[in-house]
Amino acid sequence: MPKDHGVGASSKRREDIRFLTGRGRYTDDVNQFGQTYAVFARSDVAHANIRSIDTSAAEAMPGVVAIFTGEDFKDVGGNPAGWLINSRNGEPMREPKRPVLAHGKVRHVGDAYAAVIAETYAQARDAVEAIVVDFEELPALVDMAASLADTTVRVHDELPDNQCFDWGWIEDNRTKVDEAIRNAPHVTTLHLVNNRLVPNAMEPRASIGEYDPGTGDYKLTTTSQNPHLTRLLVAAFVMGIPEHKLTVIAPDVGGGFGSKIYHYGEEALVLAAARKLGRPVKWTAERNESFLTDAHGRDHVTKIELACEKDGTFIAFRTETMANVGAYLSNFSTATPTFLHGTLMAGNYKVPNVYVNVKAVFTNTAPVDAYRGAGRPEATYSLERVIDKAARELGIDPVAIRRMNFIQPDQFPYTTPVGLQYDVGNYDATMDKLLEISDAAGFEARRAEAASRGMLRGLGINSYIEACGIAPSHLVGQLGARVGLFDAATVRVNATGNISVMTGAHSHGQGHETAFAQVVAGMLGIPEASVDIVHGDTSKIPFGMGSYGSRSLAVCGSAIVKATDKIIAKAKKIAAHMLEASDGDIELKDGRFSVAGTDKGLDWGAVCLSAYVPHNYPLTELEPGLEETAFYDPANFTYPSGAYACEVEVDPDTGKVKICSFAAADDFGNIVNPMIVDGQVHGGIGQGIGQALLEAAAYDDMGQLVSGSFMDYAMPRADDLPFYQVDHSCQTPCTHNPLGVKGCGEAGAIGSPPAVVNAVIDALQRGGMAHVTHIDMPLSPARVWAAMQG
Amino acid sequence: MTKVTMTVNGKTVSGEVEGRTLLVSFLRETLHLTGTHVGCDTSQCGACVVHVNGKAVKSCALFAQEAADADVRTIEGMANADGSLSVIQQAFQDHHGLQCGFCTPGMVMSTAALLAENPKPTETEVRHYLEGNLCRCTGYHNIVKAVLAASGQDMDQIAAE
Ligand code: FES
Ligand code: FES
């Protein structure tokens with residue numbers, strides 16, 4: 001029987017009621033008294049010196065109350081990078097300043113160089129058109145190899161080779177790996193592109209700045225996945241205002257997928273403008289601005305080599321990648337291609353030699369940062385594609401070659417050659433489950449049936465592993481992180497026994513308000529409806545780092561468990577006093593405290609009331625009240641893993657790929673709400689299939705984003721996708737967090753692109769096209785058809 | 001500025017609009033009905049779908065004045081009279097057909113229009129009809145399930161899980 005309550009139950013989501021009735025409250029739904037509107041002037045060229053900006057005509061337009069340019073911000077701080085990466089030669093990465101508004105130069109299409117504040121949105125928009133800018137156009141650098149080679153054109157004048165860093169992981173492995181590859185009986189080499197994507201959360205970014213001249217308090221309402229991090233960045237680094245004078249509120253947020261982790265210049269602008277005007281200032285992005293300025297994802301150009309024995313035993317992986325960081329460093333953009341990518345390059349496999357080299361390159365394109373999966377999809381795609389290619393070259397079944405190299409359950413904890421220690425897993429178990437749910441045994445019959453219709457059917461299978469529950473502060477500190485990645489929770493039990501849980505996590509679709517309540521209610525044995533989850537407001541919640549990297553339950557949830565443990569311990573002491581027993585004898589079950597071995601007991605509510613009406617209370621031993629805060633810093637990453645299968649049919653006449661079925665067998669450890677976990681995997685798979693077949697942020701040679709709207713950028717739509725088979729019954733609980741959970745938010749986007757591409761290559765190979773060993777994503781009909789022609 | 005009057009969710013409302021004011025802006029900014037969302041600037045995403053005289057319409061693709069005297073229904077008018085969720089809304093909750101909720105009002109409005117035209121659609125028909133509604137969160141799996149369930153069809157027969 002499925003559970004109907006607490007951990008393990010598919011509790012329906014409480015947040016759905018407001019979303020389904022139109023009563024969600026997203027940033028753009030908020031309006032403040034006396035509000036003005038900001039609209040940005042954005043560069044329509046990729047690279048130019050700003051000779052002059054003439055705002056006089058715009059200033060004279062109706063309703064205009066202020067205009068800002070880069071000149072107004074030249075003395076405030078830049079938006080900082082959150083990770084320091086050192087190059088192989090020991091030099092620190094290059095960190096050019098990322099200003100609030102472009103000053104002196106614009107560096108990508110969409111780079112904002114001015115902002116108009118007006119009484120109405122329409123007036124601001126009209127006035128922006130009247131700003132006259134004189135650009136001295138410069139050649140645009142778009143291609144990474146060209147950027148590295150070109151010393152005359154510089155994205156940042158002070159960086160002669162446009163390189164941010166040249167990173168080796170692990171540098172000490174390099175010689176050994178080179179030698180292993182030189183001496184190996186078989187080496188498979190693959191050149192691939194991990195295509196640049198636009199995150200496209202359905203809610204565009206938006207921010208409202210407020211300033212109270214009477215108190216000096218600022219308030220920022222904004223589309224953020226991590227309000228405290230945004231507060232720290234905007235207050236301490238950019239604006240130089242005291243952290244305690246700024247409240248950041250992230251209300252309902254319509255999806256993030258990474259793109260709303262980061263602090264963006266628009267947030268600083270609306271605050272600065274509010275201070276100057278003494279009035280609220282609101283900005284809402286148009287979709288066009290989302291395309292041009294939200295941090296993009298992926299964009300690697302990679303060469304990977306797999307050295308192995310003739311029997312398929314892996315000897316070494318060597319990877320050389322160029323990673324595009326765009327025109328400026330976004331907050332996590334240096335961590336994504338390095339520590340979220342290079343550390344995963346051993347995959348699920350016992351391979352003794354692994355080396356990764358990543359060159360990060362500045363170009364005249366939008367900044368690139370973590371997007372759902374962040375580095376781990378890039379790692380998984382490279383590994384699982386080159387393994388498939390090797391299996392084909394060696395004539396070994398693709399499942400068999402993976403199985404023979406899997407780290408075995410009795411080998412955990414397992415230390416990889418790239419610096420991680422996997423705590424637990426069972427990769428054969430998820431592979432077994434995958435073959436079962438995808439009916440792999442029936443593939444041949446389905447293929448034959450498709451062939452009778454003239455269609456080429458293929459099956460792609462792969463494994464994945466990711467490092468989630470981001471992150472152990474001591475470890476990431478050694479790796480260059482400039483922040484801690486713990487989290488925090490406060491559990492406030494009210495006098496009447498109901499509970500508010502203040503968490504550092506932020507829910508922008510993940511259903512925390514439901515799942516976290518299940519955890520607390522389950523621990524206390526009280527109804528889920530008695531527990532409310534409060535998130536997204538720095539004036540209410542303790543300092544936590546927010547939601548990304550599949551960390552919410554593993555890290556923030558663990559903080560909630562710790563705080564609830566403290567509540568239980570204190571409540572037992574109160575109950576012991578009231579029941580005249582020793583607190584060691586008090587048991588809490590189903591919301592009732594009882595003295596072990598007796599029928600004496602008290603309900604949860606009676607004990608809570610006593611904490612706030614302490615008439616019969618151990619005041620000499622305990623403070624009144626029942627509220628506890630806990631901080632939790634994980635001991636290690638968590639390691640979700642699994643196996644994915646995709647079946648496709650390719651139309652030989654057109655190259656069109658149809659996804660016939662998609663199956664995912666994941667090991668997420670313990671599960672709090674299976675319904676929500678299914679939904680997370682579905683969403684990730686949808687984005688992964690989008691990357692594999694449809695999506696590409698394509699810049700032309702001039703640095704224009706040619707796929708800059710939903711008319712040109714192919715978002716997955718309902719009729720592009722099938723129903724998915726999803727299973728998470730293989731569970732090896734995480735060994736180091738109290739819930740035994742691993743995180744499920746990114747798996748789908750990590751595991752699915754190689755499954756799709758492997759399936760298409762399989763279809764073409766089976767169709768007799770032995771020359772097609774790889775096609776770069778997205779696998780559009782044109783690309784597939786061209787590959788088929790040879 | 002011109003005065004425009006229409007019926008929204010059964011109530012007669014009016015307000016001053018510019019010629020260029022879109023219906024979605026009138027609903028959101030003048031009437032404070034913020035359940036109708038704006039997800040794009042090219043009439044592609046469907047977050048803004050409302051019903052105008054019974055037909056599903058992208059309210060970002062219509063000027064407010066074009067809806068003068070029309071009968072408009074928005075997500076705020078979709079629940080049952082007693083405030084409980086309608087069959088479609090309930091199906092979305094039961095089948096976890098929403099995550100961040102941003103696309104959801106448009107999805108519900110499109111679903112209502114689909115089921116009015118075609119009370120028992122096939123999976124293919126649902127997917128085809130919802131082509132104009134983008135969702136970035138759900139991979140559509142549970143949305144399609146919810147729509148089929150709202151049409152009274154047996155979900156176990158249709159979707160694998
Ligand atoms: S807002 Fe996107 S279609 Fe109307
Ligand atoms: S639920 Fe988030 S866009 Fe659909």
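Biologist: At roughly what angle do the axes of helix 9 (residues 376–394) and helix 18 (residues 747–766) of chain A cross?

Modeller: This is a predicted model, where local features need pLDDT of at least 70, side-chain atom pairs count only at pLDDT 80 or more, and totals for chains, interfaces and linings use all residues. Residues are numbered from 1 along each chain as its sequence is written, chains are lettered from A and ligands numbered from 1 in the order written, and side-chain values use heavy atoms, without hydrogens or water. Helices (H or I, at least four residues) and strands (E, at least two) are DSSP runs, numbered from the N terminus. The axes (lines fitted to C-alpha atoms over the stretch in contact, with angles from 0 to 180 degrees between N-to-C directions) come within 8 Å and cross at roughly 25°.

Biologist: Are helix 9 and helix 18 of chain A roughly parallel or roughly antiparallel?

Modeller: Angles under 35 degrees count as roughly parallel, over 145 as roughly antiparallel, 65 to 115 as roughly perpendicular and the rest as oblique. The crossing is at roughly 25°, so helix 9 of chain A and helix 18 of chain A are roughly parallel.

Biologist: Which residues in helix 3 (residues 121–129) of chain A are buried?

Modeller: Buried means under 20% relative accessible area, exposed over 50%, partly exposed in between (1.4 Å probe, protein chains only). The cover includes strand 1, helix 2, strand 3 and strand 5 of chain A, with contact meaning heavy atoms within 4.5 Å. The buried residues are A:Ala122, A:Ala124, A:Ala127 and A:Val128.

Biologist: What is the relative accessible area of A:Phe593?

Modeller: A:Phe593 is found in strand 23 (residues 592–595) of chain A. A:Phe593 is buried, because its relative accessible area is 0%.
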